[in-house]
Amino acid sequence: MKTLQPAFFLFVFVPLVKSAPPIQQEPFKFYDYDTDVTMGSLIHQDYEIQSKDIKKDATNVSLDTALRLQGDDSERSVKPTKDTNLPTCLLCVCLSGSVYCEEIDIEAVPPLPKETAYLYARFNKIKRIAVSDFADITTLRRIDFSGNRIEEIEDGAFAKLLLLEELSLAENRLVKLPVLPPKLTTFNANQNRIKSRGIKANAFKKLTNLAYLYLGHNALESVPLNLPESLRILHLQYNNITTITDDTFCKSNNTRYIRTRMDEIRMEGNPILLAKHVNAFSCLRTLPVGTYY
């Protein structure tokens, strides 16, 4: 009986079980290549358009950049110009009574503020100093015109500068000295073309405060006359001085006379043997620097 149960089960139930339907696989999709090509063409065309736009923009950017760089180069290649027609305190530097006009290629003395006490106009192209340059400026105490091209100074150009203490005309083209203001303590005319006939006999006599006198590297044939007692430093090196008298520095009629303030005299570079003029230095505390043998 036990053996019939499985057989009965198979006989009754197996026919009732339907076979499972076959697995349905998704059919392969076949693409329409014509459509795909059309879409690809559109995409390709769009890409080309975008590429052209990008290239165009890049070209514009490159052109703009090139123009800008070219502009920068042209700006850098343009040399700065100096406008000498500007107001003095824009062209120069004005500070607390001092005016600095150095190396700006001016060819004339600029108009100065009335309170100017110190003027520095070195290394320019000034050729001439006129009376009108300082006519209204009575407060000046120091003027420096070193390194210009000054050939002429009008008579009386410094006449009204009663407070002027220091004046430098070094490294110019002067052949004669102007009338100097009375309170001058320092005068520098080194490296000019001054000859003895360009210095008046009493040019320094009334300058009772003059302590420093620089006349080196000129064309002097003799030591200037009537040097003031106040003089401490005298530079006459590298001129054409050939003669010295007993009265050049001393007083031949007074053997006790001593120049107590004179500390230094330079005469090297002149065609003169100082040893031949010993009496000319008898009143000096130190002998001049120069050639003795």
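Cys250 sits in the loop between strand E10 (233-235) and E11, while Cys283 belongs to the segment after E11, so the bond ties together parts that are 33 residues apart in sequence. The sulfurs are 1.9 Å apart, and both Cys250 and Cys283 are buried. Keep in mind that this is a predicted model.

In total the structure holds 3 disulfides. Counting bonded cysteines along the chain, the pattern reads 1-3, 2-4, 5-6. Cys89 is joined to Cys94, with an S to S distance of 2.1 Å. With a torsion of about -95° around its S-S bond, the Cys89 and Cys94 disulfide is left-handed. Cys89 has a relative accessible area of 41%, so it is partly exposed; Cys94, at 29%, also counts as partly exposed.

Then there's the bond from Cys92 to Cys101, at 2.0 Å from S to S. Here the torsion is about 110°, so the disulfide is right-handed. Cys92 is buried at 5% relative accessibility, and Cys101 is buried at 0%.

Now for the sheet. Its 9 strands run in the order E1-E2-E3-E5-E7-E8-E9-E10-E11, and the sheet is open with mixed pairing. Strand E1 (93-95) and strand E11 (264-266) are the edges, each pairing on one side only. On average, neighbouring strands are turned by 5° against each other, direction ignored. At the E1 end, E1 pairs with strand E2 (residues 98-100) in the antiparallel sense over 3 bridges. Cys94 turns up again here: its bridge partner in E2 is Val99.

Definitions and conventions: Residues are numbered from 1 along each chain as its sequence is written. This is a predicted model: local features need pLDDT of at least 70, side-chain atom pairs count only at pLDDT 80 or more; totals for chains, interfaces and linings use all residues. Side-chain values use heavy atoms; hydrogens and water are left out. Two strands pair if DSSP finds at least two bridges between them. Helices (H or I, at least four residues) and strands (E, at least two) are DSSP runs, numbered from the N terminus. Axes are lines fitted to C-alpha atoms, for helices over the stretch in contact, and angles run from 0 to 180 degrees between N-to-C directions. A disulfide is a pair of cysteine sulfur atoms within 2.5 Å. Buried means under 20% relative accessible area, exposed over 50%, partly exposed in between (1.4 Å probe, protein chains only).
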